[in-house]
Amino acid sequence: MLHPPRRKLRSVTAVSLLIAVMALVLGAIPSSAAESDWWTPTARPTPDAQVNVTGEPFKGTDAQGRVKGFVDAHDHIMANEGFGGRLICGKPFSEQGVADALKDCPEHYPDGSLAIFDFITKGGDGKHDPNGWPTFKDWPAHDSLTHQQNYYTGIERAWRAGQRVLVNDLVTNGVICSVYFFKDRSCDEMTAIRLEAKKSYDMQAYIDKMYGGPGKGWFRIVTDSAQARKVVEQGKLAVVLGVETSEPFGCKMILDKAQCSKADIDRGLDELHDLGVRSMFLCHKFDNALCGVRFDSGALGTAINVGQFLSTGTFWKTETCRGPQHDNPIGNAAAPEAQKKLPAGVSVPTYAADAQCNTRGLTDLGAYATRGMMKRGMMLEIDHMSVKAADQAFDILESEAYPGIISSHSWMDLGWTERLYKLGGFAAQYMSGSKAFSDEAGRTKALRDKYQVGYGYGTDMNGVGGWPAPRGAGVPNPVKYPYRSTDGGSVIDKQTTGQRTWDLNTDGGAHYGMVPDWIEDIRIVGGQGVVDDMFSGAESYLRTWANSEKYEPGKNLAAGASASASSTEWWDPFTNFAPARAVDGDTGTRWASEWKNDQWLRIDLGAVNPVKRVTLDWEAAYAKSYRVELSEDGTNWKTVWSTTAGDGGLDTARFAETKARYVQIKGLERGTKWGYSLQEVGVHSN
């Protein structure tokens, strides 16, 4: 162990005294802190990064039994284990200590000349000082996308400052792995996911050991909402495992042919659930056999489109958007290094500016996977889905009143926000600069108030996205150190690792330990109201999760019921489009009317029941304008729901509970040249 010079030791002592004085000025540490420093490890390795937070982490609930705390809904602690093991340099922890954990990739030495992904993502020539501990001259940094940002003490600092939920998304990408020059392991995505899960549990054990043994540390991986709530009430950090990968369960697509089956999906979901995964994305960056993606833009979009071709044999395909929601514009920017990977004679297509939506939506296998997640009480991450896929996923969740839907880092079109909140879902925003974050939070504030929900952030650390740049030390309203935590119980100073001390004003969001400083910057720039909504995030996230676990498919009152119709299309003697086909539980059959506007389908439930929801699964021939009518006697009808903007697919009509024996779907205007055609109608009391 190295000993500092005596002069430096006196300097450190002076700083410590200054912090202690500031703590007294800002407010006394709670009395319970003097009784038991339960939050302080008894066996932290030395040397190590500092936390630089004093005071006891808050516990318990408020008077209404609600927990408090921040939620990071999107982080990648173990990304260094994915992508072939050499894309993200450094580790979040190491049994050999901080010097081993925070060192650069071998090929980055001596001057970063071979830091190829660094200069692809950051620009320039990629050159940098590769030395981590103890100098950290050039990394981690807000604009360096290839260096470890999730060292465990940074996460500890965020926890001490008030974060209570962290979603650790296990992440990789087989195509990026395969085309990247450096790797030391297989590119198989599920192999990487298994390893990252194991390493997450290893990190929990590593931290536990500092506190005296299993279960005693602050980093707690949780597998159900009740366990998570208990952890938060204890004042610790509830860590939820998620998955963000491009080909889950091997569900890639080659020349528009799915490379997986329903059996593969079931096996994959069961394995992930057994690993402790409770939320996941069905597609990410590349179209796959489950869904189309929301595009990336600019040169990065072009590079990913090249990867799309290398992975699937097809480029992205676009169409004019059908509604106000849209995917990101691809544009026609060049990405020369990526385009060199294309076979001779193949080039990236150009895209019309008015064709901004992915033609691919949610596939039948994607719908099957969505329902499979629902059966297992898992939460669906809607970000990265094309708007067509997201719309179809919403349709399925709405038809079952399933609340388990998450937008974790600003990749969902904001136009879906109320639809998400109405279901009971949770939204978080990407960790952007304090002004941009506050402005976007303001745009959805009225909806949060309406649905009484909190707000989250998605740091996406180790996610190759870029983080808030420094605002500058000379701004009139900088972060002033030390400052108080949101709950008031802790004092937070600048974070120091080795010989380097970070300051948000001059370093920006360089690593996870800067998250508390960033939240303080939001308070300064955006106001206390934004932070208050964020501080309510833990309760809202846990409520969404708990309600997902409680889900049970409601009884379909229409199943096997008697049905009649104004007309039935005749096709041939061997094809039956009778009204009963719309309530037989088989989506491979359907009722079809004659090719006229004014038509109806009537269902007799057999007895009067409370009715609150009707689902309609349209075949290609759908109604543009129609009503849902209810009656107790089959004579006197009440319109409970209507639309003039039907677009086919799966519709869910929700309305105030109404007693009825008869349900009638009244078609007013066809959406196609054909009649009306319903594959299944569901009637529900919940």
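**Note on the predicted model**

1. Burial comes first. Of the 686 residues of the protein, 57% count as buried. The model is a predicted one.

2. Overall dimensions. The radius of gyration is 27 Å. A compact globule of 686 residues would have a value near 26 Å, so the two agree. Along the principal axes, the C-alpha atoms fill a box of roughly 95 × 65 × 45 Å.

3. Secondary structure and contacts. The protein has 20 helices and 25 strands. Take the contacts between residues at least 6 apart in sequence: 76% of these join residues at least 24 apart.

4. One site in detail: Thr 497. This residue lies in strand 17, which covers residues 495–497. Is Thr 497 buried or exposed? Its relative accessibility is 6%, and buried means under 20%. Thr 497 therefore counts as buried.

5. Partners of Thr 497. Its side chain makes a polar contact of 2.9 Å with the side chain of Gln 495. Leaving aside residues up to four places away in sequence, Thr 497 touches Ala 49, Trp 133, Pro 134, Phe 136 and Trp 502.

Conventions:
Residues numbered from 1 in each chain as written. Predicted model: local features only at pLDDT ≥ 70, side-chain atom pairs only at ≥ 80, totals over all residues. Heavy atoms only, no water. Helix = DSSP H or I, 4+ residues; strand = E, 2+ residues; numbered from the N terminus. Rg over C-alpha atoms; globule rule 2.2 N^0.38 Å. Buried < 20%, exposed > 50% of the residue type's maximum accessible area, 1.4 Å probe, protein only. Contact = heavy atoms within 4.5 Å. Polar contact = N/O pair within 3.5 Å; in protein donor to acceptor, adjacent residues only side chain to side chain.
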